[in-house]
Amino acid sequence: MTAYIVRRIFAVLPVMAVVALFVFFLLRFAPGDPAAIIAGEDATNEAIEAVRAKLGLDRPMVEQFAFWIWRLLHGDLGVSIFSNLPVTRLIAQRLEPTAALTLATLFVSVAMAVPIGVVAAWKARKIADRLVMGFAVMGFAVPTFVLAYVLIYFFAVRWQMLPVQGYNPIGQGFGPFVESLILPSLALGITYMALIARITRASMLEVLQQDYIRTANAKGLATDRVLLLHALKNAAVPIVTVIGIGIALLISGVVITETVFNIPGLGRLTVDAVLKRDYPIVQGLILVFAAAKVFLNLLIDISYAFLDPRIRY
Amino acid sequence: MSAATLLEVRDLHTQFNTLDGVVRAVDGVSFDLARGETLGIVGESGCGKSVTALSILRLIPPETGRIASGSIHFEGHDLATLPEDEMKRLRGHRISMIFQEPMTSLNPVLTVGTQIAENVVRHLGVSWKAARERAFEMLDLVRIADARRRLDEYPHQLSGGMRQRVMIAMALSCDPQVLIADEPTTALDVTIQAQILDLMLELKEKTGTAIVLITHDLGVVAETAERVVVMYAGRKVEEAPVMALFERPLHPYTRGLMAAIPRLDVDAESGGRRPRLQEIPGLVPRLTQPIVGCAFASRCGLATDRCRAEAPPVVDAGGGHTVACWEARV
């Protein structure tokens with residue numbers, strides 16, 4: 001098991017290297033001359049040259065890359081073109097709302113989707129199953145922003161149960177913090193929940209046909225033990241895999257959700273930076289999102305070893 | 001029901017709903033099981049022997065199948081109608097079952113120790129620690145070497161024969177009155193088959209558990225069972241003490257089964273060659289239509305018009321030997 005985990009951790013390194021390479025060339029392959037874009041439309045040739053020298057763009061490519069990696073390894077992602085603030089600081093300021101939103105969504109979605117998927121499989125083709133499957137189809141069909149406005153209209157405007165938008169940092173009290181996350185998490189999580197519930201149902205249905213489930217029933221075990229231990233543990237690998245794949249869904253969804261709910265997080269920062277072509281910020285954000293995705297997938301890879309004793313590669 | 005009778009199955013009908021209609025997998029089967037007895041149930045694939053076993057434990061998948069009528073008396077209960085929660089307390093405790101496929105019948109993601117101990121915790125209400133100790137004793141009893149270490153191993157680390165030993169250990173962990181073994185050796189090598197059968201018989205002597213042994217293999221029945229029920233197309237066609245059945249098979253189907261056993265002895269009339277293997281001509285009737293008359297009539301060389309029109313009653317041939325055949329000379 002330890003050898004497996006160590007191997008998985010080392011497998012992350014080449015992935016992150018490829019990401020870094022991609023992010024580096026993003027700026028170089030951007031349309032037009034980055035120095036000219038950065039210097040602005042009315043800049044003189046001297047001003048453009050000055051920007052080029054400042055960014056090190058006049059150096060050979062290999063040297064630029066080595067220099068960029070060197071700074072990256074020291075936690076230096078460069079400075080914003082427009083605000084001149086360090087990108088690391090800009091990202092750090094916006095990290096909390098996004099981390100809170102994604103983790104809350106991840107947690108709530110998994111905690112709700114897996115049980116309803118299990119119930120759907122257990123009550124296959126009965127009314128509970130049809131309700132779950134109906135919900136899953138709707139969850140896929142309704143876009144995040146539509147659902148977000150529907151939720152805001154009912155829960156915030158009509159019934160005034162929850163705030164319309166905005167974010168309350170956890171430092172200012174847990175109650176308001178949770179309140180400000182409920183609607184965004186639901187809006188962001190619905191597709192994710194639908195995905196997880198469907199896979200849970202499919203995987204459980206297959207496992208429930210297996211001989212060892214008949215053995216468990218022949219032992220007279222309680223239904224919850226048969227379902228939640230004997231069946232779910234066997235069904236877990238595909239479920240956990242789709243939880244991992246879905247993280248990409250959350251990351252792209254967070255940009256929309258933060259915009260609709262006016263949450264000052266990384267999603268908003270991304271939208272703003274892309275619109276202004278603030279390349280150093282975009283680079284930094286891609287790195288952060290990629291690292292988050294790679295890290296969560298690493299956790300999922302490691303969880304396989306705990307879920308299935310036969311996995312040893 | 002006499003004092004010696006442990007399990008009494010009466011006129012059991014188990015049916016399945018399929019796209020082709022209702023399949024009468026078990027169509028009016030009755031038999032008794034005495035305390036400490038080994039009863040063999042034989043028949044070819046699809047004759048309803050496994051469904052009979054699953055019916056006793058009420059493990060017929062409720063979406064497709066059901067016990068349509070009949071009774072299964074055991075320890076003062078009728079298992080055909082017992083509420084599900086009481087049935088769950090009997091399964092694995094008073095009646096347990098082992099299956100044909102040791103490779104797939106154990107849960108691949110739980111340790112052997114957990115799978116045995118959970119049965120003990122569930123039914124005997126002891127602590128996990130005590131149950132684990134019981135699991136160790138059971139593994140030792142079924143002669144698994146290094147039992148202490150094996151408790152923490154997963155099924156994929158064990159051979160097929162060892163897995164079937166684990167199944168037996170699990171099934172016997174709560175001292176059941178009845179052990180139902182559904183083709184317990186079919187998936188195993190011949191040498192391992194003999195070991196597993198010997199083990200089952202030895203444990204039966206030790207614990208007094210009655211065994212219902214379901215098999216298509218008359219050789220296994222001859223070696224292990226005391227009494228035999230022969231099934232055909234969901235019905236019982238013959239029942240007899242094992243010696244009586246092999247000495248004097250009365251039903252044409254039973255005789256056909258025995259003729260279909262390959263023999264090694266040389267037949268003088270055929271010029272020193274082995275006799276040709278006898279097969280039973282024809283096919284098992286479709287079970288989606290009610291069978292009129294004797295189920296075996298269409299394949300039977302002795303069949304008369306009466307056989308095709310009227311189901312034969314069960315006739316007593318003496319000495320506990322019964323047969324359902326119009327033409328049998330009892």
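## Strands, helices and a core

User: What makes E4(B) and E5(B) a pair, and which way do they run?

Analyst: Strand E4 (residues 65-74) of chain B is joined to E5(B) by two bridges, and the strands run antiparallel. Two strands pair if DSSP finds at least two bridges between them, so E4(B) and E5(B) qualify. Across this pair, His73(B) stands opposite Asp78(B) in E5(B). Keep in mind that this is a predicted model: local features need pLDDT of at least 70, side-chain atom pairs count only at pLDDT 80 or more, and totals for chains, interfaces and linings use all residues. Residues are numbered from 1 along each chain as its sequence is written, while chains are lettered from A and ligands numbered from 1 in the order in which they are written.

User: Why are E2(B) and E5(B) called edge strands?

Analyst: The open sheet has four strands in the order E2-E1-E4-E5 (chain B), with antiparallel pairing. Strand E2 (21-34) and strand E5 (77-78) of chain B each pair on one side only.

User: How do you know which faces of E6(B) are covered?

Analyst: Ile95(B) and Met97(B) on one side and Ser96(B) and Ile98(B) on the other are all buried. Buried means 20 or more other C-beta atoms within 10 Å of a residue's own (exposed is 12 or fewer, partly exposed in between; C-beta atoms are placed from the backbone), so both faces of E6(B) count as covered. E6(B) also pairs with strand E7 (residues 178-182) of chain B in the parallel sense, over four bridges. Ile98(B) stands opposite Ala181(B) there.

User: Which residues touch the most other members of the largest nonpolar core?

Analyst: Ile196(A), Ile180(B) and Val212(B), out of 159 residues. Helix H8 (residues 174-208) of chain A gives the most to this core, with 16 residues. Membership takes a buried Ala, Val, Leu, Ile, Met, Phe, Trp, Tyr or Cys joined to others through C-beta atoms within 7 Å. Leaving out residues up to four places away in sequence, Ile180(B) touches Ile95(B), Met97(B) and Val212(B), among others.

User: How do H7(A) and H8(A) come together?

Analyst: The axes of helix H7 (residues 144-158) of chain A and H8(A) come within 9 Å and cross at roughly 145 degrees. Their contact includes Leu147(A), Leu151(A) and Phe155(A) in H7(A), with Leu183(A) and Ile190(A) among the residues they meet in H8(A). It divides into eleven nonpolar, two polar and no charged residues. Charged is Asp, Glu, Lys and Arg; nonpolar is Ala, Val, Leu, Ile, Met, Phe, Trp, Tyr, Cys and Pro; the others, Gly among them, are polar.

User: How many residues does each chain bring to the contact between them?

Analyst: Chain B brings 24 and chain A 18. On chain B's side, H4(B) has the largest share, four residues. By class, that side has nine nonpolar, nine polar and six charged residues.

User: What is the secondary structure of chain A?

Analyst: Twelve helices and zero strands. Of its 313 residues, 35% count as buried.

Definitions and conventions: Contact = placed C-beta atoms within 7 Å. Axes fitted to C-alpha atoms, helices over the stretch in contact; angles between N-to-C directions.
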